[in-house]
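Look through the structure first, then read on.

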Amino acid sequence: MAKKLTTFILIALVAGAIVGLGLHYGIHNSFGADSAGAEAELKTVAGYFSIVTTIFLRLIKMIIAPLVFATLVAGIAHMGDTAALGRVGGRAVAWFICASLVSLTLGLILVNLFQPGVGLNFPLPPVDATSGVEKAAFNLKDFFTHVFPASGIEAMAKNEILQIVIFSLFIGVAITAVGEKAKPLVSAVEALVHVMLQVTNYVMRFAPIAVFAAVAGTLAERGPAIIGNLAYFMGTFYIAMFTLWALLIGVCYLIVGKRTGLLVRYIRDPLLLAFSTASSEAAYPRTLEALDRFGVPPRIASFVLPLGYSFNLDGSMIYMTFATIFIAQAYGIDLTLGQEITMLLVLMITSKGIAGVPRASLVVIAATLGFFDIPEAGLLLILGIDHFLDMGRSATNVVGNAVASAVVAKWEGGRLDPIEPADIEPPHAPTGGGPAVDEQSFSEFGKPPAGGSQA
């Protein structure tokens, strides 16, 4: 199923690019000199494509809250005691802090090495010019108060992942403390895990259609020119991201060993999905399944992965330093080494908890620019290509969180057992049913209900 889905997504990606570019040039040719009319028509066409993408992303959001809650509560319940929880949490946070510093520092080093903004010499905008991105969304007080949910139900309704994590932590720890009396609740949560994974299988069948619509709509409206205008900036940023991938996977190889190659193989599907939809959330369910197939115990994956989506967005962090320095270079603003180090530390703090906030990286960058007297309107330089950059950021977030989960599992002495070739493909359901859930994969969450795991 995973291989077939990856193949269909790749086909949809290529088909979407062909259709999008065909529509872009076709509509422009049909309108002739009336470029304004052509742009309006292309925007309308892109709007139709966005309906499909929006529906798919809404279905993904429908899954996220119950899946994070169920897997995290079940994982904590199976840890057995709060000491194990604290140990896993401490190791995860230590990895997140190190990975964040590496991502931010790498972005800072490479943007100064490639200097993509040097030579552009854009004139400084008026002092009162703004980018249109609300930058007041992040401050220390709001961040800490926003972490804790006023209502668990409200947090789930709004898909506030960090708040759902906090709520799930309290529930999971309480279940562990209550012990035998909470056993029926644990069984119910385990059943919910299996149900939500089956729902995930259903939703993911629509992924290729959503990928096709997203790519076709974007290229139909904007065409290839939007990419060419800042091609060097985009190229150097993707080089920086691939460098980060190599670094993360290399460290994973040193800790986990030769099976790291198998991890890379398993996360191809969620990575491609995150890249093509420009959404880390879209890849969450598949990443969870990939980690289970790799051998990360569910109690660890279901704990570390949700935390990673709030604290370990490596792709977003490398983009923040890269984009901020690029804007300064484009305006000919020289920053001292001390200012750049200060910028790194500021971004280290303000970047936490940004998951679920639309264009959160842009919000943080907008707030940081003013702090260093860099024109906030400079954000407009990259807004046009941000979607294409967001595709890479989302894929990098998947890599970073998958590696984090595998490393923490290894530190915990997790099974990480070799998987037989026959087990690589999940068993297919009989005609008329959905893909079956592998019983061995979820052994720590208990056996599936009697009668099989199919819906």
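At 12% relative accessibility, Gly89 counts as buried, because buried means under 20% relative accessible area, exposed over 50%, and partly exposed in between (1.4 Å probe, protein chains only). Gly89 sits in helix H3 (residues 82-114). Its C-alpha lies 8.9 Å from that of Leu307, although 218 residues separate Gly89 and Leu307 in sequence.

This is a predicted model: local features need pLDDT of at least 70, side-chain atom pairs count only at pLDDT 80 or more, and totals for chains, interfaces and linings use all residues. Residues are numbered from 1 along each chain as its sequence is written, and side-chain values use heavy atoms, with hydrogens and water left out.

Ile209 is partly exposed, with a relative accessible area of 49%. Tyr48, Ile51, Val52, Ile55, Phe206 and Ile209 make a nonpolar surface patch of about 600 Å². Patch residues have over 30% relative accessible area and no salt bridge, and nonpolar side chains are joined within 5 Å. Helix H2 gives the largest share of the patch, four residues.

| Helix | Residues |
|---|---|
| H2 | 35-79 |
| H3 | 82-114 |
| H8, with Ile209 | 207-222 |

Helices are DSSP runs (H or I, at least four residues), numbered from the N terminus.

Now a helix pair. The axes of H12 (residues 268-277) and H19 (residues 386-411) come within 7 Å and cross at roughly 155 degrees. That makes H12 roughly antiparallel to H19 (angles over 145 degrees count as roughly antiparallel). Axes are lines fitted to C-alpha atoms over the stretch in contact, and angles run from 0 to 180 degrees between N-to-C directions.

Notes. Patch = residues over 30% accessible without salt bridge, like charges linked within 9 Å, V, L, I, M, F, W, Y side chains within 5 Å. Areas by Shrake-Rupley, 256 points an atom, 1.4 Å probe, with all protein chains shown as cover. Salt bridge = Lys/Arg side-chain N within 4 Å of Asp/Glu carboxyl O. Helix = DSSP H or I, 4+ residues; strand = E, 2+ residues; numbered from the N terminus. Parallel < 35°, antiparallel > 145°, perpendicular 65-115°, else oblique.
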